[in-house]
Amino acid sequence: ITIAPTTVIKETEAGSGYASVMLSSHVLNIKDGDSVKLRAVTNPEGETVTWSSASSLVATVANGVVTGEGEGNTIVTATITVDGVSYSDTCTVIVTA
């Protein structure tokens, strides 16, 4: 399986550079019950990151800490909003027993 990163980068309206969010990993393999910390680097620096999981039955995420909840695959998304535009990056999470 090949998984391409989905980082979105766009110049900000204020012209202060490019807005982006980049995760420290784009694929995580974890065991059910284990936790791994994902790091999100944002530009502009210090933007608030909103985390979400496509399936909380497989993995949950809070403040970048991904926890395996059950076998399967899901997508964890980190999102920032700059000048009213949302920017996201994703990580595929594979949870095994």
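In which loop is Asn63 found? Asn63 sits in the loop between strand S7 (59-62) and strand S8 (65-68). Here, helices (H or I, at least four residues) and strands (E, at least two) are DSSP runs, numbered from the N terminus.

Before going on, a word on where this comes from. This is a predicted model, in which local features need pLDDT of at least 70, side-chain atom pairs count only at pLDDT 80 or more, and totals for chains, interfaces and linings use all residues. Residues are numbered from 1 along each chain as its sequence is written, and side-chain values use heavy atoms, with hydrogens and water left out.

**The overall picture**

Of its 97 residues, 34% count as buried; buried means under 20% relative accessible area, exposed over 50%, and partly exposed in between (1.4 Å probe, protein chains only). The accessible surface comes to about 5500 Å², and 50% of that belongs to carbon and sulfur atoms. Accessible areas come from the Shrake-Rupley method with a 1.4 Å probe, and for residues only the protein chains shown count as cover. Now for contacts (heavy atoms within 4.5 Å): among those between residues at least 6 apart in sequence, 53% join residues at least 24 apart.

Most residues other than glycine have a negative phi, and most peptide bonds are trans. Asn63 and Asp83 have positive phi values without being glycine.

| Residue | Phi | Relative accessibility |
|---|---|---|
| Asn63 | near 50° | 63% |
| Asp83 | near 55° | 40% |

Asn63 counts as exposed because its relative accessibility is 63%. Asp83, in the loop between strand S9 (72-82) and strand S10 (85-96), is partly exposed because its relative accessible area is 40%.

There is a cis peptide bond too: it joins Asn43 and Pro44, with omega about 5°. Pro44 lies in the loop between strand S5 (40-43) and strand S6 (50-53).

**A charged patch**

Asp32, Asp34, Glu69 and Glu71 gather on the surface in a patch of negative charge. Patches are made of residues with over 30% relative accessible area and no salt bridge, with like charges joined within 9 Å and nonpolar side chains (Val, Leu, Ile, Met, Phe, Trp, Tyr) within 5 Å. A salt bridge is a side-chain nitrogen of Lys or Arg within 4 Å of a carboxyl oxygen of Asp or Glu. Asp34 lies in the loop between strand S3 (27-31) and strand S4 (35-37), and counts as partly exposed because its relative accessibility is 38%.

Technical notes: Lys, Arg positive; Asp, Glu negative; His and termini not counted. Charge placed at Lys NZ, Arg CZ, Asp CG, Glu CD.
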